[in-house]
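Me: I am new to this structure. Please pick one part, look at it closely, and then tell me how the rest relates to it.

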Amino acid sequence: MRTNKLTPYLFLLPGLIILGAFIFYPMLQAFWLSMTDYNMIADAEFVGTTNYENLFQDDLFWKTLTNTFIYLIGVVPALVIIPIFLAVLVNQKLKGIGFFRSAYYIPVVTSLVVAGIAWDWVYKENGLLNYVLDILNIISEPIHWLTSTQTAIFAVMVVTIWKGLGYYMIIYLAGLQSIPNDLYEAADIDGANWWQKVTRVTIPMLMPFVLIVTIMSSIAAMKVFEEIYIMTGGGPLHSSETLVFYIYTEAFDRLNMGYASAAGVVLFLITLVLSIINIKFMGKDNTA
Amino acid sequence: MKKKSLISLLLIIAMLVMSACGNSDDSSAKDGEKKESGGSEEATIEFWTMQLKPTFTDYIEGVIADFEKENPNIKVKWLDVPAADLSQKILTAVSSDSAPDVVNLNPTFASQLADLDALVNMDEAVAEEDQKKYVQGAWEANQINGTTFAIPWYLSTEVSLNNKAIYEEAGLDPEKDIPVTYEDAKKVAKTVKEETGKYGYFPSLDLSLVLQHMVKMGADLTNEDGTKAAFNTDAGLKAFEYFTELYQDDLIPREALTGDQRSTIDMYQAGQVATFMGSQFISQIKENAPDIYENTLPSTGITGESGKKTISVQNIVVPEQTESKEAAVKFALFLTNAENQLEFSKLTPILPSAVEALEDPYFTEAGEDAEPVDLVRIQSAAQLDESELLIKPMDNYDELRQAMYDAISEAMLGNMSPQEALDQAEAAWNEILSK
């Protein structure tokens, strides 16, 4: 039987066209724009590396970049570790476990705008959280969750984590269900307790999934925008402003498209490097 | 449970499909319709408004029907865009050479487009006698570098809303003690805080409001030709000190620094704030918090030593890219004529920019059974003559605004003294203005 060598590529073509038109072409365009002065209306004017030079001298750029890394460090470990335990919990064969699985998943499908506004109320000076803490006599003065430069970014992080838990839990759940039962039976015979089974069987077998979740949650943390836009607007005093938010304001509030593209390219490179490190560092033991 | 997740999945898909359709509407509206429209030739014009659906759907469709009846050769396609998306959408449309023909914008954003020569100059497109039909201050609000880039549509001036119940609770007399100046507001804030633990005054510092507060307190923002900052004076310092003191003494909510206007309305509706300037939200308050609405007493907007009051203008622009300029301007004039504007302002507390419409008793006489909504309208119309556009359109406006906001934040958060913060703002402004 003769197969036409072109056939597989023909099947790839529709996907490639869509990716090319909506992902790769805009990416290349952004690289080009990052070396121009462009305001969306007048023609782009080539300015070489000026945008990058200005960017690296911009204090606000460094501040938002730092905030992005703080975000990354705060959010990724939580999103990699907590969902493992949630997945183990909802992987039990219990009556009504479907309810708990859905419950943890609901934040994922909730509109971030709605969630952001609801959390805004929780965090208000006279909001739910301060009220509860006050009743429990933990605090005497309300904590300025979203209105202090020290806490705003962390308060927003909690929302990102809250919203992501269910999503990564589902990924781990799929992973858990692919672990053969024999391993647990063998562990039982060896007299392992629940904790030992989790740490010696479950987690090692989940490593490929941990890798995926790490990469996905790092990329998501690098790109965080909506929570900040809705809850703090980057404030107070840029203390919760991340790089993507900065790119957004430069591009759409100030029409500095070229400059914003340059910041976007920097963000792209950082994300790329992080992903490569993740794969090299964590993926070396398992080729899954 | 499986069923539930299935249902939610279906819902999500349905939402995606709907939003996709919504988008395709916008883009397909442009297809195959750009025809030359000299005089009597056929023309289809695309008209974008800012967040008027669904409340004003009937009104806008009525105006369009009347217009099409008068001009059978012109068809109008109407698209309503959420306020937050409008600037991005119009930019994208202009940059992809598919701009709509008539758009509702505000002067600040429109001036950015005008700066890039993207808008039709109304000094040339509109006959002089027609120009005179508009309130002068509103017409001039749409000028930058000597050209007029828009026709004014509806207006509003600043009116305070006061919660009488809180005033009484604090032992104040709502008739006499309602603040007229910033100093009054500080006194009210102190008394209300001491007596009730609530906030007496919630000044919003969102968007251009910091600059407006400073101008009202008597500071000039720039020198005559707009090349240097001019606010590092006693008046400017007073403004910085004023808000710093209120904030640090916890006399205004801390949300003043991070919240947008939503948090202001939320707190007023929750009965936690006695006075705020947000009369444009009166209909919303009536709907969401009828008890608070009943207790609301509108009063003249708070101002400083200058006595200045600000006017907000919604306008209508015609992008330079339009291929039906004549028809577009014709529609813009029709939409903003006295008759149509009067009808519009009867639906919501706004003021018309057409002089003739303003002369209607609707804006001058309060009936026996006047509600807060009516009082807001009459108060707003009464102070129209003394109101002006306090912040003239400026180049790089967004950066200037942000620099000032950052500086006053530094002072309010206690990172700098008000004078240091003012120095920082001045340096930043001088740098931006010299670009």
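Reply: Helices (H or I, at least four residues) and strands (E, at least two) are DSSP runs, numbered from the N terminus. With that in hand, take one helical span in chain A. The end C-alpha atoms of residues 153–174 of chain A lie 32 Å apart, and the span is 100% helix and 0% strand. The model is predicted: local features need pLDDT of at least 70, side-chain atom pairs count only at pLDDT 80 or more, and totals for chains, interfaces and linings use all residues. Residues are numbered from 1 along each chain as its sequence is written, while chains are lettered from A and ligands numbered from 1 in the order in which they are written.

Where does the record place this span? An unreviewed UniProt entry lists residues 153–174 of chain A as a "transmembrane region", along with 9–28, 69–90, 102–122, 201–221 and 260–279. Positions follow the numbering used here, feature names are shortened, and annotations may be inferred rather than shown by experiment. Residues 9–28 of chain A are also 100% helix and 0% strand, with end C-alpha atoms 23 Å apart. The UniProt entry, unreviewed, also annotates residues 65–278 of chain A as "domain: ABC transmembrane type-1". That stretch is 76% helix and 0% strand, and its end C-alpha atoms lie 20 Å apart.

Now the core. The largest nonpolar core has 110 residues, and A:Ala263, B:Leu119 and B:Phe331 have the most contacts inside it. Helix α7 (residues 152–177) of chain A gives the largest share of this core, 12 residues. Such a core is a set of buried Ala, Val, Leu, Ile, Met, Phe, Trp, Tyr and Cys residues joined through C-beta atoms within 7 Å. Buried means 20 or more other C-beta atoms within 10 Å of a residue's own, exposed means 12 or fewer, and partly exposed is in between; C-beta atoms are placed from the backbone. In B:Phe331, leaving out residues up to four places away in sequence, the partners are B:Ile45, B:Phe47, B:Phe67, B:Val76 and B:Val102. A second, separate core of 66 residues includes B:Leu257, B:Leu375, B:Val376 and B:Ala421.

How do the chains meet? Two residues are in contact if their C-beta atoms lie within 7 Å. Ala, Val, Leu, Ile, Met, Phe, Trp, Tyr, Cys and Pro count as nonpolar, Asp, Glu, Lys and Arg as charged, and the others, Gly among them, as polar.

Chain B has its own layout. Its secondary structure comes to 22 helices and 13 strands. Buried residues make up 46% of its 435 residues. Its C-alpha trace spans about 70 × 60 × 55 Å along the principal axes. The domain assignment, automatic or from a database, gives domain 1 (37–155 + 312–363) and domain 2 (159–311 + 382–433). Their C-alpha centres lie 30 Å apart. The contact between them takes 14 residues from domain 1 of chain B and 13 from domain 2. On the domain 1 side, α4 and β11 (309–317) of chain B give two or more residues. The domain 1 side splits into 8 nonpolar, 5 polar and 1 charged.

Some backbone details deserve a stop. The peptide bond from B:Lys53 to B:Pro54 is cis, with omega near -5°. B:Pro54 sits in the loop between β1 (43–50) and α2 (57–70) of chain B. B:Asp117 is not a glycine, yet has a positive phi of about 60°. B:Asp117 lies in the loop between α4 (107–115) and α5 (122–125) of chain B. B:Asp117 counts as exposed, with 12 C-beta neighbours inside 10 Å. Back in chain A, A:Leu255 also has a positive phi, near 60°, and is a residue other than glycine. A:Leu255 is found in the loop between α11 (243–253) and α12 (257–282) of chain A. A:Leu255 is buried, with 22 other C-beta atoms within 10 Å.

Last, A:Asp37 lies in strand β1 (residues 36–37) of chain A. A:Asp37 is partly exposed, with 17 other C-beta atoms within 10 Å. Neighbours within four places aside, A:Asp37 is in contact with A:Glu45, A:Val47 and A:Gly258.
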